[in-house]
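Here is a friendly walk through one protein model, written for someone who likes cut-offs spelled out. Please keep the viewer open as you read.

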Amino acid sequence: MKFILENTDQKSKARTGVVKTDHGDIQTPIFMPVGTAGSVKAVHQRELTYDIKAQIILGNTYHLYLRPGLDVLEKAGGLHKFNGWNKPILTDSGGYQVFSLAGTRKITEEGVLFKSHIDGSKHKFTPENVMDIQRSIGADIIMAFDECTPYPCEFGYARKSMEMTHRWLKRCIDQVDSTSGKYGYSQALFPIVQGSVYKDLRKQSAEFVASCGRDGNAIGGLSVGEPAEMMYEMTELVTDILPGDKPRYLMGVGTPANILECIALGVDMFDCVMPTRNARNGMLFTSEGFMNMRNEKWKDDFSPIDPNINSYVSSFYSRAYLRHLTVSKEILAAQIASVHNLSFYLWLVDEAREKIKAGEFAVWKDEMVKKVSRRL
């Protein structure tokens, strides 16, 4: 994997670049739709390609390991062949999901013992076998196995967790460097910066991750309940330390405003379930603000969902029709809303990319943050 830095903004730390993988190029800054169990919920691969214009999607190691399982994925020839997506894929390590299973998991130096949320069966994740699992899934970018600390979190726990994450990272690197991909293409390992909301821990972790010299780096453990300003503070501290010639990935972020603010801080890659999860609950993001499609005010609004978004569903369907589907609990409502929201997110980062190239990002960003944060 290679990263080519193309443009840097003069009035912020925003930048554009290209991540080159064996499954194609990724123009940054980029938003990555989340396909937890091998599927971006309610969205066809064809829609991802032609309507949403996604360049890379995510898979989830924890969920794919449990179902359909590695045997099926290996027989298929990896996740790309299994789900028919021929562009880049990134898999997270399952660390966040295991962290979310607080009542049914036990963390030790060796790894994590946990019970499946599906049938209660017992499993073990270690840095080594998580790397092997991600080899079997076959993503282009694979994430180191880490512990994601909750918020709030005491300093002592955050420090011990970060130190263990660093020890686990060394084991991840050793395992990846002593094995090879199963499907004839390369896989890049991204380490993850942790340290909760403590500046000295974040600095220490960022320096350690930077010293590992991998193809890209990630920032984890944010957007877990801390105030947005605190997230921005930690992000800026870390991006100032991580090398500028490698892509920077902020995990699990976030709202449209979060993404714009963090692009300005030098982040290149984002993912979040928000556009699809909110879509299924009738919440739409648009270029002028966000809408609750259950509201009476859309009942006879026959204008397009958002004519500014270059997506079939955004200009073809009316707000009144989508409201009708939403209150009627029609499955099509979730499909239309999911395709629209993801199209909006990809439109937003594409606009940011063009504004950075034109030298107009800083002013545009401040205007857009206000727009996307208002309720219509």
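## Helices α13 and α14

Tyr321, Leu322, Leu325 and Thr326 of α13 meet Leu332, Ala333 and Ile336 of α14, where contact means heavy atoms within 4.5 Å. Sorted by class, the residues of this contact are six nonpolar, one polar and no charged. Here Ala, Val, Leu, Ile, Met, Phe, Trp, Tyr, Cys and Pro count as nonpolar, Asp, Glu, Lys and Arg as charged, and the others, Gly among them, as polar. Helices (H or I, at least four residues) and strands (E, at least two) are DSSP runs, numbered from the N terminus.

The axes of α13 (residues 319-327) and α14 (residues 331-358) come within 7 Å and cross at roughly 130 degrees, which makes α13 oblique to α14. Axes are lines fitted to C-alpha atoms, for helices over the stretch in contact, and angles run from 0 to 180 degrees between N-to-C directions. Angles under 35 degrees count as roughly parallel, over 145 as roughly antiparallel, 65 to 115 as roughly perpendicular and the rest as oblique.

## About the model

This is a predicted model, in which local features need pLDDT of at least 70 and side-chain atom pairs count only at pLDDT 80 or more, while totals for chains, interfaces and linings use all residues. Residues are numbered from 1 along each chain as its sequence is written, and side-chain values use heavy atoms, with hydrogens and water left out.

## Helices α9 and α10

Now to another helix pair. Helix α9 (residues 228-239) packs against helix α10 (residues 256-263) at an angle of about 30 degrees, with the axes 10 Å apart; the two are therefore roughly parallel to each other. Ala228, Met231, Tyr232 and Thr235 of α9 make the contact with Ala257, Asn258, Glu261 and Cys262 of α10. By class, this contact has five nonpolar, two polar and one charged residues.

## Backbone details

Which peptide bonds are worth a look? Most residues other than glycine have a negative phi, and most peptide bonds are trans. The bond from Thr28 to Pro29 is cis, with omega near 5 degrees, and Pro29 lies in the loop between β3 (24-28) and β4 (30-32). Another cis bond joins Arg67 and Pro68, with omega about 15 degrees; Pro68 sits in the loop between α2 (61-66) and α3 (70-76).

Ala42 is not a glycine, yet has a positive phi of about 70 degrees. Ala42 is found in the loop between β4 and α1 (45-52).
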